[in-house]
Number of protein chains: 2
Amino acid sequence: MSAVDQQLEDIQATIESEVPPDISVTEVKYEGPELVVYTRDPKKFARNGDLIRRLASQLRKRITVRPDPAVLTRPDTAREQIMDVIPDDAGVTDLDFHEDTGEVVIEASKPGMVIGRHGSTLRDITQESGWTPEVLRTPPLESATVSNVRNFLKQERDERRDILERVGRQIHREEMSDDEWVRITTLGCCREVGRAAFLLSTPETRILIDTGDKPGSDEVPYLQVPEALGAGAATIDAVVLTHAHLDHSALIPLLFKYGYDGPIYTTEPTRDLMGLLTLDYLDVASKEGRTPPYGSEMVREAIKHTIPLEYGDVTDIAPDVKLTLHNAGHILGSAVSHFHIGDGLYNVAFSGDIHYDDTRLFNGAVNDFPRVETLVLESTYGGRNDYQTDQEDAEKQLIDVINETYERGGKILIPAFAVGRSQEIMLVLEKAMREGKIPEMPVHLDGMILEATAIHTTYPEYLRDDLRDQIFHEDANPFLADAFNQIDGGEDERMDVAEDEQSIILSTSGMVTGGPIMSWLEHIGPDPKSTMVFVGYQAQGTLGRRIQNGWDEIPISNDGGRADRLTLKVDVETVDGFSGHADRQGLMDFVETMNPRPEKVLCVHGDERSTQELSSALYHEYNIRTFAPKNLETFRLI
Amino acid sequence: MSAVDQQLEDIQATIESEVPPDISVTEVKYEGPELVVYTRDPKKFARNGDLIRRLASQLRKRITVRPDPAVLTRPDTAREQIMDVIPDDAGVTDLDFHEDTGEVVIEASKPGMVIGRHGSTLRDITQESGWTPEVLRTPPLESATVSNVRNFLKQERDERRDILERVGRQIHREEMSDDEWVRITTLGCCREVGRAAFLLSTPETRILIDTGDKPGSDEVPYLQVPEALGAGAATIDAVVLTHAHLDHSALIPLLFKYGYDGPIYTTEPTRDLMGLLTLDYLDVASKEGRTPPYGSEMVREAIKHTIPLEYGDVTDIAPDVKLTLHNAGHILGSAVSHFHIGDGLYNVAFSGDIHYDDTRLFNGAVNDFPRVETLVLESTYGGRNDYQTDQEDAEKQLIDVINETYERGGKILIPAFAVGRSQEIMLVLEKAMREGKIPEMPVHLDGMILEATAIHTTYPEYLRDDLRDQIFHEDANPFLADAFNQIDGGEDERMDVAEDEQSIILSTSGMVTGGPIMSWLEHIGPDPKSTMVFVGYQAQGTLGRRIQNGWDEIPISNDGGRADRLTLKVDVETVDGFSGHADRQGLMDFVETMNPRPEKVLCVHGDERSTQELSSALYHEYNIRTFAPKNLETFRLI
Ligand SMILES: [Zn+2]
Ligand SMILES: [Zn+2]
Ligand SMILES: [Zn+2]
Ligand SMILES: [Zn+2]
Ligand SMILES: [Zn+2]
């Protein structure tokens, strides 16, 4: 008998000795980090409200109870019983019964009403029907991404359970080594922005954190060196994804092409956004005539292998590693990833990308942990002078620009990233319009903005407290405001909008490197009354940066495919302060107020100057041992 | 056709266009770093004295010319022709003909006379016989190790040629990567003394430098991590061995058990000493009831895969790496290993263990290089106060101790390491006796000392200039002095010596941890008139250290196997200054006078204090970027 089977047998014996004699335990198994307990008496289990919690704390495991398939009520009977329990206001849109595991997936507009106080309604559902409920939110804004991911996971449910069981057995395998050490290897993203990829390793376990591309470059992380995948993709135990931006996620699907077959730990919104962004990444590549490094089936593999975690859940991901994700304030689902290694041996936090202060969209990044000895910190704006306008001033500037443009009869064109910055600007515009600070006018959304917004509204728990409450309690979802109009009529609709009444246009791509913004440039660019407002970082070499710098002759390709030139007469303005990244002050504050202060900080995700200046400042201000690593280095932490 | 075959075909065409039309070229192939040219006209080739040199410089390769087997003179005819060419004084002891390669191995007491001025006699041999000569020195002192190694290599000549051809093709393979980086990974020997093992890697090539054990501990280098052998032993291109001490060499044979099948680059004496010391290491392990990590057949594998290099030879060992070994002054054959990477990209030197000043036995370590950006430096005596008595004072002290002991009628017992320290002391004693500074008396050698001495006399080129000249020209080999007597009569002879006239006894082990010294302790230990003199470092935890610290009750096991106690009455003295390691001053001098000064120094092979204090001193004195790495780290150099 394998060590894991022996362990499961012992656990089953413990559970049997703890539960009342009239409750049977037919099987226990691991599925990912969870322990699944099958019983012929699911209703009795549910009636003993405290039983599961008691077992979980005794076994120090997350526990799910499921009915033995032999005792299942028939779905049509169960459906009635369940609908009787759930209040009508919950807005149930779908019930999906899985007879192999006794689970019923309930999709509802108000999932909170399906759950009930402290899960009381869920327990009622099991008491009445014997089925184990799982709850999903019906997106308030229809999202193709969310529904594709959900349909795909439903269809692949059997294989997914196999994956989870295999991963579960891996997590709970016996520890083999007496050695104690913790190391970080840098595979990219050092003294540069892009191709994030780090390896956290112990004698037992190897964890890959992020695998991104490098925007504006074909450089990829050093995945082929022996300490990464050189020794075989199977030597990686787990992949952790901090957030969905392509410089962190673009090459995650590639890992599966290279033979990786293990779990990806990330938040549920990051999973969906990763699906959206990597598919778009493949699309852009093939439109630009490049060969994408992997096909869309690898994106599906990545989604199938994702084990979503909620902020704050402490999760076993290896015999000697517990992972906890915390809000990073950067984009939807972005996570500071905290690793607890050994039994109190060492703690490492990877910041991913962070925003320290609250924004309209998100709470500021969490920097409070039970313990952290080493912090791996992004340094995008870590340079000596990298201070940004604060949010309030930035909003005032944006409002002024809009009003001035409006008064002279022009339109406002805002290039914006689909994920994060667009939603932030939408919130600013909705509020300003509602409060009368800018005139009421249509706000057109072009490109993937509305789809990204729909994903945001699917996961209000990941948004800033008061925004979440707005969506939950007051039913006043600002993203559903009447002013917002999705451009879904293509070039015709754009032409109409351009000739129509005054309006605001938010369009991708954020750095004017392609996408519908190119078309808007042609429509709005020649109009001296209109204004083009940059609200995000424009990288070196992009058309956005050139326009920002005063270029007014723009190459465009006309319908015949011949190159042509467009003369810009539009007013060009820049409003900074809407960045998703902490500025120099925010990074310093993040470390200063961090609890506890780390002993070591590795400054990454910034150019050479930013990482070195931040590293030096943190050392001199807080007397922390700091490093500005290069790619391909390995640091021994303990 | 493979890239290497294409390359060889091109080279053959070049050679054919360079040599006179009456000289044929039947084949060219690689054997290790050398290019071997087969010809049907070996005599004509030899007559064109400058031809080979010209080809070598044009092709930038080391070239060996061999007769096509089809045109070989018969060995018995060739033997007469060869013996006619070689002067009688050369003292030829063996001729060994290899018909498959047309090589004749000539062993002679005076190999210089077989070679002739600038190789003129060698060329005469080929002109007369058509055979390609290879010359070996007949050991002046018979050495079982040297003759075993030579016999073994003779017997395995065919397989060895296969290995060399395979290695040669590997070295000259096409470069695959456009990337440029150089890294050092520490697998052991950091903040500790022992288990030396470093990995030098580029996008093309991975080179392992040393693989030692840790004396007094069962800790081994971290060979199993992915960046070492985790990705497969075959991912290592080459092993370089700095010197034969077990803390650098003990686990080299183990690499072959793990599947390594590539070359070991080191000096010829290091190869032989490695054979001696690793076989003894296995012997000691089994005597102490431990399971040796490998068998003696792995030692033979290591010897078979060794490609010996001479000091100063610049050798291609990979498409992008050239290796040059330089005298390190530490023990016979010890080498500072210099790596030139890329075409002028970067240079790294590994000091191995060094002695900076000249000793009686060796010239001081070489620290003059065309270029060096990074130095990996031993730090055994790198601590702030690690200054040693200078050699002259040390010799005076030793002479005083001997004279005092002699005057009171006692004997002198010196525990000493077989390799290095013993020969140094032998030279001091021989000179003192010859110059009348100490009385004439027998010097008994016990343990492996004489065998190690015999290996030294086989390679006088590796000894200090004047000692080498003594052995070469004056025929006044000090190691052959009459006073030296090998103890080969076992316990009976020891008893006789103990009861006999006054004498000096040099015996292993150097730290009194076993071997014949244990028996000498019983014979000499109880005699208050005699003196025990420590001339080498006594590690923590060894019996030698305890005696040095004043213990006078020693546990011994008597014949019946029962434990017994021995009371020491012998006078105990310590004379330092005979160390094979540079002291703090020597290490600082090595770096100060180094040409050029390196940009970075990694301080290794010393305890935590020594490496940090040396690192800090080098930084403050010479403004060099210094590091005291931990094990399992990777440094990016470029
Ligand atoms: Zn199903
Ligand atoms: Zn990001
Ligand atoms: Zn990023
Ligand atoms: Zn040594
Ligand atoms: Zn050593």
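**Notebook: salt bridges, zinc and helices**

I began with A:K287, which counts as exposed because its relative accessibility is 69%. My cut-offs were these: buried is under 20% relative accessible area, exposed is over 50%, and partly exposed is in between, with a 1.4 Å probe and protein chains only. This is a predicted model, so local features need pLDDT of at least 70 and side-chain atom pairs pLDDT 80 or more, while totals for chains, interfaces and linings use all residues; side-chain values use heavy atoms, without hydrogens and water. Residues are numbered from 1 along each chain as its sequence is written, and chains are lettered from A and ligands numbered from 1 in the order in which they are written.

**Entry: salt bridges**

I looked up the partner of A:K287. A:K287 forms a salt bridge with A:D283, with the closest N and O atoms 3.4 Å apart. (A salt bridge here is a side-chain nitrogen of Lys or Arg within 4 Å of a carboxyl oxygen of Asp or Glu.) The two residues are four apart in helix α12 of chain A, so about one helical turn separates them. I took helices (H or I, at least four residues) and strands (E, at least two) as DSSP runs, numbered from the N terminus. A:D283 is partly exposed, at 35% relative accessible area.

Next I checked A:K214. Its salt bridge goes to A:E192, and the closest N and O atoms are 2.6 Å apart. This pair links distant parts of the chain, 22 residues apart: A:K214 is in the loop between β9 and α9 of chain A, and A:E192 is in the loop between β7 and β8 of chain A. Buried or exposed, I asked of A:K214 and A:E192? Both are buried.

B:R62 lies in strand β3 and B:E34 in strand β2 of chain B, so the pair ties together parts 28 residues apart in sequence. B:R62 is partly exposed at 30%, and B:E34 is partly exposed at 26%. I also noted a network in chain A: salt bridges that share partners join A:E31, A:R66, A:E103, A:E134 and A:R157. The count over all chains is 96 salt bridges.

**Entry: zinc site**

Which residues coordinate the zinc ion (ligand 4)? They are B:H243 (NE2), B:H245 (ND1), B:H330 (NE2) and B:D353 (OD), at 2.1 to 2.3 Å. I counted as donors N, O and S atoms within 2.8 Å of the metal (3.2 Å for Na, K and Ca); water is not among the atoms, so sites may look incomplete. The four donor atoms subtend angles of 87 to 164°, which makes the arrangement irregular. B:H330 is buried at 1%, and B:D353 is buried at 2%.

**Entry: helix α18 of chain B**

I found B:E493, B:R494 and B:V497 buried in helix α18 (residues 490-499). They cover an arc of only 100° around the axis, which puts them on the same side of α18(B). The arc uses directions from the helix axis to the C-beta atoms. On the other side, B:D492 and B:E499 are exposed. The buried residues pack against β19, β20, β21 and α19 of chain B, where contact means heavy atoms within 4.5 Å.

Methods
Tetrahedral: all angles 85-135°; square planar, octahedral: opposite > 155°, others 65-115°.
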